[in-house]
Amino acid sequence: MKSFNKIILAAAGILTIMAGCKKYEQFPVDKVTINYVFDKKDSLGTNAQMFLYGIYAALQNGHNRVGNDYLDAASDDAMSSASVSSNVVTILSTASYNSYTIPAGENLWAYYYAGIRKANEFVNNIDVVPVLAQYHGYSMKYVWKSEARFLRALYYFELVKRYGGVPLLGNKVFTITDNVALPRNSFADCIKYIVSECDAIKDTLMTAPLSNPNADYHRPTKGAAMALKAKVLLYAASPLFNGQNIDASNPLTGYTDFSADRWAQAAAAEKAVMDLNVYSLLPSFKDVFLTQNSSENIFIRQTDNSSSIETTNGPVGFTGAVGKGQTSPTQQLVDAFPMKNGLAITDPASGYNPDNPYQNRDPRLTYTVLYNGARWLNSDLQLYEGGASKPNGSLQQTKTGYYMRKFMGNFENTNAYAAHVIDWQILRYADVVLGYAEALNESAGATPEVYNAVISIRKRAGIDAGTGNYGLKAGMSKAEMRAIIQNERRLEMAFEENRYWDIRRWKIAETVMNQPQKGISIVKIGSSLTYNVVNALTTKFEAPKMYLYPIPYDEVLKNPNMKQNPGW
């Protein structure tokens, strides 16, 4: 397996040649030019490919990336066990930032523009390199060029979902003498540009299934370009940008009108990915995150195999397997999982027992959250007050009575952790299926196709079929189905950097974040357990301004044409 980290190290090698000079270096730094990287005589394209790997380096690895936490620990799904006022996700979830003080883990304006600049340099210069390697009858350099454009489109999407409309650079690489006081393009222009790029490159990218998956599975494919387009259109059709713009007449913060057709376009784009018939849901939900080159992976950020997720997030209380318990899932997330019969725990017919709250639940709960009594490292977790994995005192441990389970290996019946796949899923097929269900429901209502999409996710999860609807009520209204789909996304995509953005694009953040995030306090007396829901963290969301990030203050200060987002 070609490790992504090895690719990055290789890319660093060529960048070192460009940026530094050893005493006995053949090419002194003052002699190295763009012509050395994009060499007209390099039929292998070695240096150019190393430069391309440097563009990949801007892909984020979401595992504990935001101040050592998952971004979703700044949503209503979790909180940081290291939660203090200076903790990055706590700053985000308690509205403790402004345009001067955006926390480093999410202050990504300059970061993504650096990646966009590198992509432009590649796009502008790769054509001169006489790469002999072929793919489907044309030079591999055209595949590389499309990969750079895909990454550029992805980086623009990362900016747009944070800030709204941003300056579009085209293929321009600015020099020190250029006027860089650029205005922001409209939100509509940005969406149109990203979508057009995805359309333009999809047929010159590699196609799945890959002929050499061990070497190439980290690379974007035609399906990845189509899935990115679909996700961009889904966000663009969502309330935050389509009809509920936080500044109704401001084209920078969203569309200035509502159009139901935007939902229809998103549904069609999601369906186009499904109709490729190259992706499918794995039989086991847990296997999605432990299986490389699977039919569910569309685009990933490759990493090395390790046990770092366990050592960072695993429960405390084990001498042979160190865990720091960094991520504390909320009671709200746990309560969102239905029973195995598919009924919500609030449904009187569900069979939910508050004195045995984890019995007969949606199997995804067991694979997402570690709760009291869950099997782990050859033991049943003790998460009651004073238990082995909730000893209280000064040791960092869960603040909610739960630990994160998702992404971890199969360590229920072992004594120690071992290295396993920890690739970061950027685009996966379940996201496409749920996106299709959401967009089609909004454009056409709860049609049989919407039901079938949601059922496919629930069936794979292990929900009982029942009468055939896997716990779904027949004849739901659009609003009823919307609530189901939004909850299904929450469960299926937990900790994958979706919930944090979903509560924004749906414009529900002001509701779910302006209330305490809750946990469970379990008291054990003899052999009996008493479960008490407690407030774990008071969060805050200032609407409407916090639906978009502020443009970093220094960008506004140095650029008179840079308009700040409303309220900042």
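How many residues of the lining of the largest cavity are nonpolar, how many polar and how many charged? The lining divides into 11 nonpolar, three polar and nine charged residues, where Ala, Val, Leu, Ile, Met, Phe, Trp, Tyr, Cys and Pro count as nonpolar, Asp, Glu, Lys and Arg as charged, and the others, Gly among them, as polar. The structure is a predicted model, in which local features need pLDDT of at least 70 and side-chain atom pairs count only at pLDDT 80 or more, while totals for chains, interfaces and linings use all residues. Residues are numbered from 1 along each chain as its sequence is written, and side-chain values use heavy atoms, with hydrogens and water left out.

Cavities and pockets were located on a 1 Å grid over the protein atoms alone: a cavity is a set of points where a 1.4 Å probe fits but cannot get out, a pocket is an open set with protein on both sides within 12 Å along at least five of seven lines, and lining residues have an atom within 4 Å of a point. Grid points are joined across faces, edges and corners, and a volume is the space filled by probe spheres set on the points. By this rule there are seven cavities of 30 Å³ or more. The largest cavity has a volume of about 290 Å³. It is lined by 23 residues, and those closest to its centre are Glu158, Lys161, Trp424, Ile426 and Glu497. Two or more lining residues come from each of α6 (140-163), α9 (222-237) and β10 (424-428); helices (H or I, at least four residues) and strands (E, at least two) are DSSP runs, numbered from the N terminus. Helix α6 gives the largest share of this lining, six residues.

The largest pocket holds about 480 Å³ of space. Its lining consists of 18 residues, with Trp109, Tyr113, Val180, Glu555 and Lys558 closest to the centre. At least two lining residues are supplied by each of α5 (109-125) and α19 (553-558), and α5 provides the largest share, six residues. By class, the lining of the largest pocket has 12 nonpolar, two polar and four charged residues.

The second largest pocket has a volume of about 320 Å³. Of its 20 lining residues, Ala336, Ala344, Thr346, Ile484 and Asn487 lie nearest the centre. Both α12 (331-336) and α16 (478-492) supply at least two residues of this lining, with the largest share, five residues, coming from α16. The lining of the second largest pocket divides into 10 nonpolar, five polar and five charged residues.

Helix α16 also packs against α15 (residues 448-461), at an angle of about 30° and with the axes 11 Å apart. Here axes are lines fitted to C-alpha atoms, for helices over the stretch in contact, and angles run from 0 to 180 degrees between N-to-C directions. Helices α15 and α16 are therefore roughly parallel to each other, since angles under 35 degrees count as roughly parallel, over 145 as roughly antiparallel, 65 to 115 as roughly perpendicular and the rest as oblique. Their crossing is left-handed, meaning that the near helix is turned anticlockwise from the far one by less than a right angle (clockwise would be right-handed). Residues in contact (heavy atoms within 4.5 Å) include Val450, Tyr451 and Val454 of α15 and Met481, Ile484 and Ile485 of α16. The contact of α15 with α16 has seven nonpolar, no polar and four charged residues.

With α7 (residues 187-201), the axes come within 8 Å and cross at roughly 160°, so α7 and α9 are roughly antiparallel to each other. The crossing of α7 and α9 is left-handed. Among the residues that make the contact are Phe187, Ile191 and Ile194 of α7 and Ala225, Leu228 and Lys229 of α9. By class, this contact has 11 nonpolar, no polar and two charged residues. With α14 (residues 429-444), the axes of α9 come within 11 Å and cross at roughly 40°, again in a left-handed crossing. Ala227, Lys231 and Leu234 of α9 meet Asp431, Val432, Gly435, Glu438 and Ala439 of α14.

Some backbone details complete the picture. Most residues other than glycine have a negative phi, and most peptide bonds are trans. The peptide bond from Ala208 to Pro209 is cis, with omega near 0°, and Pro209 lies in the loop between α7 and α8 (213-216). The bond from Ala543 to Pro544 is cis as well, with omega near 5°; Pro544 lies in the loop between β12 (528-538) and α19. Asn378 has a positive phi, near 60°, and is found in the loop between β7 (375-376) and β8 (379-380).
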